[in-house]
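Please find below a colleague's note on the structure under review.

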Amino acid sequence: MASSISNSLKSNLSFSQTLISNLFSVRSVYTGKFANINLYSRISPLGSPNVSLVPVLDQWVEEGKKVSDVELDRIIRDLRHRKRYAQALEVSEWMSSKELCPFSSSARAVQLDLIGQVRGLESAETYFNNMTGEEKIYKMYGAMLNCYVRERMVDKSLSHLQKMKELGFASTPLPYNGLMCLYSNTNQLEKIPDVLSEMQENGVSPDSFSYRLCINSYGARSALKSMEKILKEMENKSNIHKDWITYAMVANFYIKAGLNEKALVFLKKAETKLHKDPLGCNHLISLYASLGSKAEVMRLWERRKTSPRKQINRDYIIMLGSLVKLGEFEDAEALLKVWESSGNCYDFRVPNTLLIGYCQKGLIEKAESMLRDIVEKGKTPIPNSWSIVATGYIEKQNMEKAFECMKEAIAVLAEHKGWKPKPKIISSILSWLSDNKDVEEVETFVTALKAVIPMDREMYHALIRASIRAGKEVDGILESMKADKIDEDEETRKILSLKHDKAE
């Protein structure tokens, strides 16, 4: 149920959601030590969802190499972690059909879950219903419940869980945790404590995640006294593991409530549970920044630097974001230089953190200058870098500069397929263009924009408005609009009326 659990909390609780999802992160079991000598080293680079792994698996066997259930299970787990679900299902179905190694009930439960993710709930139900009674063990019921939870189907989840109870398959926290995740996903947070109580009444001991979900349900509703009570209950249970994630979550809710002293107490508790965890260190740095404590941020950063694990781009992004939050731009600029000389791969998400900070402070010219300096150093920004600066200029009503930056973003698109500009930015620029630029320039921009997003009504309106302003005919534009199945609306007719007004 890891995938549903990791997505269980609402967007306004993004910090808690991140903490929980990170708890269930799975590091790759393969290291550079085994590079190019195992099956995974052939599969790992094939990240495109359109690439089938079956030929790779078949070739491996044809070369006389052995496959084991342990290795294939690990490959499937890693592919799932990387959200390459279709490929994970391919490996699972190849494994079960070839019968070259054991296919355990656990592996079959994973296959059921993958079918639900890749082919949809109906296919998962068909797979489950086609099993014999003997095959429908608790793992299969658990996987099917996870499919219902993922699709946010409350009635089916409750009915399925009831069946599990009748069969004696609800003797662990996992199905109850799934139901609590479902209530989180469907914004029924008030029901979560009742599920925890039901677990205990049924003789099922909650685990740390059960308590964390309940703590989150109270914190999200600002029921801080109830949150404290359930936390105390958790702390009093010797068999429950207490980690930094729980205490950081509690601290975050106190920060949101403005109870900074209480937040500090739980941040200190969280620190005692870090055990050199770089991910935890990053989260606490971010929370200390939210408290406005530069001293604590710098202290933890120094602690992170003493870790045997090299600081990666994610660490720099968190620290830069924290310094920006604190308004310490000189320190952020110095840290960016340290990162540039670190030898890490050049990930534009790192400098983008500072770009966003500049724009939020209204330092748009400084943001653009920084970006152009990066270009002069031979780096090609990603479209989003230019989009950040364009957004800043729009907020300052400098549309000429916003237009220039958006043209830069579209120009580098070829190297970054999949990027989409924010509709609000495009809408602002198109509106300004149609009133201020020559029709040829509007046409050039719209043509370039078509490589990023499909033609829409706003793009056609910009062309029509600019053409009318230039005294050009718009019949061809209207025909193209009709061919694209975009009907004229009230705004279209309003723009066309400008033509008649001008003629008069």
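1. The model is a predicted one. Its secondary structure consists of 29 helices and zero strands.

2. As to overall dimensions, the C-alpha atoms occupy a box of roughly 85 × 55 × 50 Å along the principal axes. The protein has 504 residues, and 47% of them count as buried. When contacts between residues at least 6 apart in sequence are considered, 60% join residues at least 24 apart.

3. The accessible surface amounts to about 25100 Å². Carbon and sulfur atoms contribute 50% of that area.

4. Helix H4 spans residues 54–62, and its buried residues include Val56, Leu57 and Trp60. These residues lie on the same side of H4, because they cover an arc of only 100 degrees around the axis. The general rule is that an α-helix has 3.6 residues a turn, so residues three or four places apart point the same way.

5. Which elements cover the buried residues of H4? Among them are helix H3 (39–43), helix H5 (69–81) and helix H6 (85–98).

6. The face of H4 turned away from the buried side carries Pro55 and Glu62, both of which are exposed.

Notes. Residues are numbered from 1 along each chain as its sequence is written. This is a predicted model: local features need pLDDT of at least 70, side-chain atom pairs count only at pLDDT 80 or more; totals for chains, interfaces and linings use all residues. Side-chain values use heavy atoms; hydrogens and water are left out. Buried means under 20% relative accessible area, exposed over 50%, partly exposed in between (1.4 Å probe, protein chains only). Helices (H or I, at least four residues) and strands (E, at least two) are DSSP runs, numbered from the N terminus. The arc is that of the directions from the helix axis to the C-beta atoms. Contact means heavy atoms within 4.5 Å. Accessible areas come from the Shrake-Rupley method with a 1.4 Å probe; for residues, only the protein chains shown count as cover.
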